Amino acid sequence: MKFSVIFEAQLADPTVEHEHQVIHDCVEQAVLAEEMGFDRIWAVEHHSLKWYAHMSAPEIFLTWVAARTRTIRIGHGVVCMPFNFNHPVRVAERAAMLDLLSGGRLDLGAGRGGTEQETSLCGVDKDRTTQEVEEALRIIGKAWEKDELEHHGELLDIDPHPVLPRPKQTPHPPLFLACSRTETLTQAAELGIGALVMGFAGPESIAGMRRAYDDAIAARTPDRFVSGVVNDHFSVLCPTIVLDDGETARSIGIRGQRFFAQSIGHWYGGAGVPDEAVVEGADEAADMRRAAEQVVARLHEHQIPVRPTATATFNADHAYGTADDAIGYVERLRDAGADEIMCLVQMGTVPQGACLETLRQWGEKVIPHFRAQEQAVSA
């Protein structure tokens, strides 16, 4: 099982000074993640989503991190693949350059960037995003597997051209797709690429999503593969704050998740701006339930409503607490079928000290627990 850290660059106070500090803080966390034994970092791409995600140019962020690290894998996850965000050939060129300079450490994920805020900024046709993402993945696979790219699809025609440079990994970096519902899990399986399960679903829901992914793998045929290399990898989100004081960790984590949920509700569901009037010692879980009654969130899938009375966005049962609490939660995710645990630490209200201490606790206590188990099984 792999362990990673995912970055949105969230911030509750979006002043220029704080924004700059948060992005530098994310770099510090990424560098520490390598020291603590994490396998990978992921950086998202979003545009104009104040509060929720200030990571608009993850390829630059990841290049900076790659230059300061040596072993940790660099996850560009996800790239907004609709053509007005990023032309597929430009994605291939930039990704290959980063893979080359990082020594073959890149992983590349695809997503839609389907909020009204983002699509209106870049003139993206919301009705074509799913189709454009799939065609972009096909173009990228072709660009990296042949000496010259030639593509004649439903949306784009590209006459023969070399796409330069070639990536370090042969034939190319592993490909992934952001998934938050059965349809996208099925799509990822049929395309032969990994699934990045981005929701707050929890182990029980994750087990069902894993079954859907595996069922689609069992039923697929190679004719829809976007590459000659298949990547059947199932990564799941794990919100986490871990401190010696478990109650403090839980309070910080739930508060951060509340901000995350309110930010999603604002940009994906038309709710009000995130409310930072959190009273110390208040019942955050009750606050979250009350907020859930007022918000219809849309999680990473345009026009797919996720009603907060049912969605796991407001479920606070995650890896918040002590290292033992985190170990117990990760065991549940592993048993549900996770190939990779994507730790969500950097939420908008979580102080840098708590982020760094969480990564240390995972590196010193949580990850070694599972590495020891794996070594015992191998022996």
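## Salt bridges in the model

A salt bridge is taken here as a side-chain nitrogen of Lys or Arg within 4 Å of a carboxyl oxygen of Asp or Glu, and the structure holds 21 of them. This is a predicted model, in which local features need pLDDT of at least 70 and side-chain atom pairs count only at pLDDT 80 or more, whereas totals for chains, interfaces and linings use all residues. Residues are numbered from 1 along each chain as its sequence is written, and side-chain values use heavy atoms, with hydrogens and water left out.

Arg40 and Asp107 form a salt bridge through their side chains, with an N to O distance of 2.7 Å. This pair links distant parts of the chain, since Arg40 belongs to strand β2 (residues 40-43) and Asp107 to strand β4 (residues 106-111), 67 residues apart; helices (H or I, at least four residues) and strands (E, at least two) are DSSP runs, numbered from the N terminus. Arg40 is buried at a relative accessible area of 6%, and Asp107 is buried at 1%, where buried means under 20% relative accessible area, exposed over 50%, and partly exposed in between (1.4 Å probe, protein chains only).

## Two partly exposed pairs

Lys126 and Glu116 form another salt bridge, in which the closest N and O atoms are 3.2 Å apart. Lys126 lies in the loop between α4 (116-122) and α5 (129-145), while Glu116 is in helix α4, ten residues apart. Both residues are partly exposed, Lys126 with a relative accessible area of 28% and Glu116 with 44%.

The side chains of Glu190 and Arg224 also meet in a salt bridge, at 2.3 Å from N to O. Here helix α6 (residues 182-191), which holds Glu190, is linked to the loop between α7 (203-219) and β9 (234-242), which holds Arg224, the two residues being 34 residues apart. Glu190 is partly exposed at 24%, as is Arg224 at 26%. Elsewhere, salt bridges that share partners join Arg40, Arg73, Asp107 and Glu340 into one network.

Strands count as paired if DSSP finds at least two bridges between them. Strand β3 (residues 73-80) runs parallel to β4 and is joined to it by five bridges, and within this pairing Val79 has Ala110 of β4 as its bridge partner. From β3 the chain crosses through helix α3 (residues 88-101) to β4 in a right-handed β-α-β crossover, meaning that, with the strands pointing away from the viewer, the path from the first strand over the helix to the second runs clockwise. β4 also pairs in the parallel sense with strand β7 (residues 175-179), over three bridges, and Phe176 of β7 is the bridge partner of Gly109.

## Helix α1

Helix α1 (residues 16-35) has 20 residues and reaches 29 Å from its first C-alpha to its last, close to the 28 Å expected at 1.5 Å a residue, the expected span being 1.5 Å times one less than the number of residues. Its buried residues include Val22, Cys26, Ala30 and Ala33, together with Asp25 and Glu34. The elements that cover the buried residues of α1 include β1 (2-7), β2, α2 (58-68) and α11 (352-378). After α1 comes Gly37, whose phi is positive, near 90°.

Definitions and conventions
Contact means heavy atoms within 4.5 Å.
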